[in-house]
Amino acid sequence: MNDVQQKITKKDIRNAAFRYMFMACNTFNYENQQGPAVVYGLNKVLRKIYPNDDEYVASLNNHFKYFNTTTWMANILLGASLAMEEKDGIQSLEAVQNFKTGMMGPLAGVGDTLIWVLYPTIMGSIAAYMGLEGNPIGAIIWLVLNVFFLFFRFKLFDIGYNSGLKLVTGLGEKLNVFTESASIMGLTVVGALIPSVVKMKIATVFTTGDVKLPIQKDILDKIMPALLPAAITYLVYKLLASKKLSVIQIIFGIIILSLVLSYFGILSV
C-alpha cells in the first residue's frame, strides 16, 4: 500500500480536480447525473491505485453510479473518496459509494445556499449596483473573486483528500444549522439591497382645490420607505414560485408595464 501511496502525487490530485470540474456540467445527464464526470475526473488516478484491470473496471463502474451535488462540494467528496480507495483498495468500494450517497444531499444544501444563492446574490448585487453608479471597481471585484474561487475549488479537492472524511462526518447535523443560518443571512442582505437596486416611484399628485398631496412622498413613504420596490419584488418572487410565467415573460411584463405607466405619468424615474 505504501508503494501505491507514493504513486499518487499532488499533480495527480490537481489533474483529477481539473478534469472533474471541466466535465461536471458538460456530461450531465438524467440517468446518473454527474457520474460520467466523476469517472472522467478520477480514472487516471484510479489507474495508479488499481493496476489490476478487473479492480480498475470495478472502481470505474462504482463511480459511474448516480451522483449529484453542488460541483464545489463534490470536490470534497471526491477527494475523500480517492483517499479511501487509496488506503483500502477494492475493499473500500461499498463504503465509498455509501459515503458519496449519504453526503451528496446535505453538502448540496450547503453548496447551493452559499455558492448559487448567497455569493452571486450579495456580491453580484453589489458589483451590479456599483456598475449602475458608473464605478468600474464593481466589475473588477466580481472578476477577481471568480478567479480566486476557481483556485479555491482546487483547494477543496485537497481538503477532501487530506481530511474530507473526518470533516463531513464530524459536522453531522451541524450542516443543516449552517445551511439555515446562511439562508437567513442571504435573505437579510437581499432585503437590504432592494431599495438600492429596485427603483419605483409614483408621480401622481392628488389635487383638490389649493391642496396638493404627492402620493409617493406624503403617503407611501410615510407608511414605509421603499414600499413599492419591496412590493414589486415580492410579486416577482410569487410569480416565479407559481411557475405560471417564465423569467423572460416576467421581465418583458415589467418592462411593458413600466413603459405604459410612465407614458401616462403614473410612474417617475
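## The largest pocket

The largest pocket of this predicted model has a volume of about 950 Å³. A pocket here is an open set of points on a 1 Å grid over the protein atoms alone, where a 1.4 Å probe fits, with protein on both sides within 12 Å along at least five of seven lines. Its lining numbers 31 residues, and V197, V198, K199, I232 and T233 are the closest to the centre; a lining residue has an atom within 4 Å of a point. The volume is the space filled by probe spheres set on the points, which are joined across faces, edges and corners.

Helix 10 (227-242) is among the elements that each supply at least two lining residues, and its six residues are the largest share. Helices (H or I, at least four residues) and strands (E, at least two) are DSSP runs numbered from the N terminus.

## The hairpin

Strand 2 (residues 205-208) and strand 3 (residues 211-214) run antiparallel and are joined by four bridges; pairing requires at least two bridges found by DSSP. T207 has K212 as its bridge partner in strand 3. Two residues lie between the strands of this hairpin, and G209 in the turn has a positive phi of about 65 degrees.

## Basis of the model

Residues are numbered from 1 along each chain as its sequence is written, and side-chain values use heavy atoms, without hydrogens and water. In this predicted model, local features need pLDDT of at least 70 and side-chain atom pairs count only at pLDDT 80 or more, while totals for chains, interfaces and linings use all residues.
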